[in-house]
Amino acid sequence: MALFKYSAPSAFYPLAGKLVPWFGAAAFVLGVVGLYIGLFVAPEDFQQGEVYRIIFIHVPTAWMGMFIYLVMAMYGVLALIYQTRLSAMMMEALAPTGAIFTALALWTGALWGKPTWGTYWAWDARMTSTLILLFLYIGYIALVNAIEDKKRADKAGALLVIVGSVNVPIIYFSVKWWNTLHQGASISVSGGNKMAMTMLLAMLIMALACWMYSIAVALCRVRAIILERERHTQWVREIKEVR
Amino acid sequence: MSAANASNAALPISAREIIPEKGVLVAARRDLALAMRSRGELVQALAFFVICVSLFPLAIGPESALLKRIAPGVVWVCALLAVLLTLPRLFQSDYQDGTLEQCLLSPYPLPAICLGKMLSHWLTSGLPLAVLSPVLGLQFGLGGSELMVMVVGLLLGTPVLTAIGAIGAALVLGVRSGGMLLGLLVLPLYIPVLIFGAGAVEAVLAGVDPTANLYLLAALFLMALVATPYATSAALKIALD
Amino acid sequence: MNWAEFFAMDGRGFYVWGSFGAFLLCIAIEIVLVRLRIHRVQADLREEVAAASIQRGNA
């Protein structure tokens with residue numbers, strides 16, 4: 001299999017180097033287009049006014065926060081089953097980006113909440129589960145940094161994220177259950193019932209931009225991780241950035 | 001010294017008639033024997049639970065309606081924290097004196113040994129907490145049926161706390177400042193148990209049927225029973241590699 | 001539409017620009033940090049390789 005060739009860090013490092021500019025450029029172009037449509041083309045929301053434009057940041061970051069955790073869990077399975085070091089390195093490279101997106105989703109959610117329903121923070125099911133997701137990211141990052149033996153840190157992190165991802169649906173269900181039990185904090189975050197076509201378009205383009213950005217930044221970070229880990233090997237001494 | 005002797009006596013490595021499932025009992029019996037020697041720790045965890053719960057009326061004030069309202073949450077959060085504090089006990093000493101490495105070589109499967117260790121841990125942490133909780137509930141003005149549901153909830157929920165906590169305890173073995181880290185890893189995963197457990201008691205307080213909450217706790221218990229011994233043994237193998 | 005009106009966002013500019021600003025700021029910081037990280041490793045490696053080649057030259 002040609003793909004397996006790239007599971008070796010020495011083969012993946014140059015490949016990632018070639019891919020980063022492309023994904024970065026895609027993220028930039030999509031981001032500019034998405035922001036343009038979101039800020040200038042999309043019409044004002046007839047209920048919320050201009051402030052609804054926060055969803056063009058809020059929803060994509062929330063999606064990416066969840067999606068990246070899922071991708072990390074898949075890499076975790078690969079790391080434990082096939083013992084590929086690169087999968088674990090990808091997890092380590094993705095985690096900070098996922099945590100940042102999750103934190104941004106919370107931050108923008110708060111800034112959106114204040115003008116629309118009068119409070120920065122409500123213990124709404126979605127906001128609460130996003131907060132818990134942030135805790136899961138923090139736990140993973142803390143664990144991987146605390147274990148000094150890298151090989152062990154890789155596997156421990158992979159197992160933790162798999163256990164966490166199994167728990168995510170349970171946590172989400174329990175928080176929803178808790179939320180319906182305690183009436184009063186239930187808030188519809190769906191942003192009105194009918195979204196104009198341009199609004200949906202702007203949101204999707206921004207989501208794509210965030211996706212491309214995550215890939216670019218994770219690939220760049222995984223390059224740094226590869227070099228840090230493999231600094232004593234011969235191939236690292238022969239790459240063109242070092243000569 | 002005597003602990004090491006006990007472990008050798010309780011883990012017979014004989015070639016004949018090894019029944020894998022017996023590993024659960026063998027490990028549980030050995031850990032229980034060790035726990036009985038350090039009863040102080042057991043009492044300390046209980047005392048922590050009692051003190052922690054008693055802090056809330058002092059912080060909030062003795063208004064009985066309010067206390068009754070927050071009682072389920074307070075008792076459950078304190079139970080969570082008390083169990084969290086006892087988690088290092090699960091593997092720490094066995095890790096330090098090398099018994100865990102022997103467990104890997106033992107004829108019994110590692111998941112069975114893990115399950116046995118969890119069983120022993122629950123018998124010496126969750127079970128006493130559940131038994132003690134009605135007294136604390138009385139302090140908060142809970143009545144008979146509420147106390148009943150609280151005990152049943154704790155009996156169903158604390159094993160899950162032990163089981164999930166065992167994965168975390170195995171992951172942080174030998175890591176500096178492992179205790180703090182353990183809380184970071186494990187507490188978010190405890191949230192469903194907390195919600196259903198406290199929710200059951202709150203349901204009774206609100207005059208609603210608590211059985212749905214208890215069934216959900218039971219479901220969590222069964223899932224944890226099936227899955228966590230394997231996850232814990234995987235975590236132990238990673239830690240000992 | 002004039003620019004002042006655009007930036008005011010119905011008088012809720014703080015919330016809108018607080019969100020968009022935080023988003024762009026976080027991304028900018030992350031990009032800078034990641035670039036610093038990889039450049040630092042590469043610089044370290046360059047130094048090591050250079051030192052090794054000098055040693056080889058002496059020997």
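Q: What makes us say that L171(B) touches other residues, and which ones are they?
A: Two residues count as in contact if their C-beta atoms, placed from the backbone, lie within 7 Å. Leaving out residues up to four places away in sequence, L171(B) touches L143(A), A156(A), L159(A) and L160(A), plus L185(B), A235(B) and A239(B).

Q: Before we go on, what kind of model is this?
A: This is a predicted model, where local features need pLDDT of at least 70 and side-chain atom pairs count only at pLDDT 80 or more, while totals for chains, interfaces and linings use all residues. Residues are numbered from 1 along each chain as its sequence is written, and chains are lettered from A and ligands numbered from 1 in the order in which they are written.

Q: What makes a set of residues a nonpolar core, and how many residues has the largest one?
A: The set must be buried Ala, Val, Leu, Ile, Met, Phe, Trp, Tyr and Cys residues joined through C-beta atoms within 7 Å. Buried means that 20 or more other C-beta atoms lie within 10 Å of a residue's own, again with C-beta atoms placed from the backbone. The largest such core has 172 residues, and L159(A), L171(B) and A235(B) have the most contacts inside it. The top contributor to this core is α7(A), with 21 residues.

Q: How much of chain A counts as buried?
A: By that cut-off, buried residues make up 49% of its 243 residues.

Q: What makes something a helix, and how many does chain A have?
A: A helix is a DSSP run of H or I with at least four residues, a strand is a run of E with at least two, and both are numbered from the N terminus. Chain A has 8 helices and 0 strands.

Q: How many residues do chains B and A bring to their contact?
A: Chain B brings 20 and chain A brings 23. On the chain B side, α10(B) gives the largest share, 10 residues.

Q: What is the make-up of that chain B side by class?
A: Ala, Val, Leu, Ile, Met, Phe, Trp, Tyr, Cys and Pro count as nonpolar, Asp, Glu, Lys and Arg as charged, and the others, Gly among them, as polar. So sorted, that side has 17 nonpolar, 1 polar and 2 charged residues.

Q: Which chains share the most contacts?
A: Of the 2 pairs in contact, it's chains A and C. There, 29 residues of chain A meet 22 residues of chain C.

Technical notes:
Buried ≥ 20, exposed ≤ 12 C-beta atoms within 10 Å, placed from the backbone.
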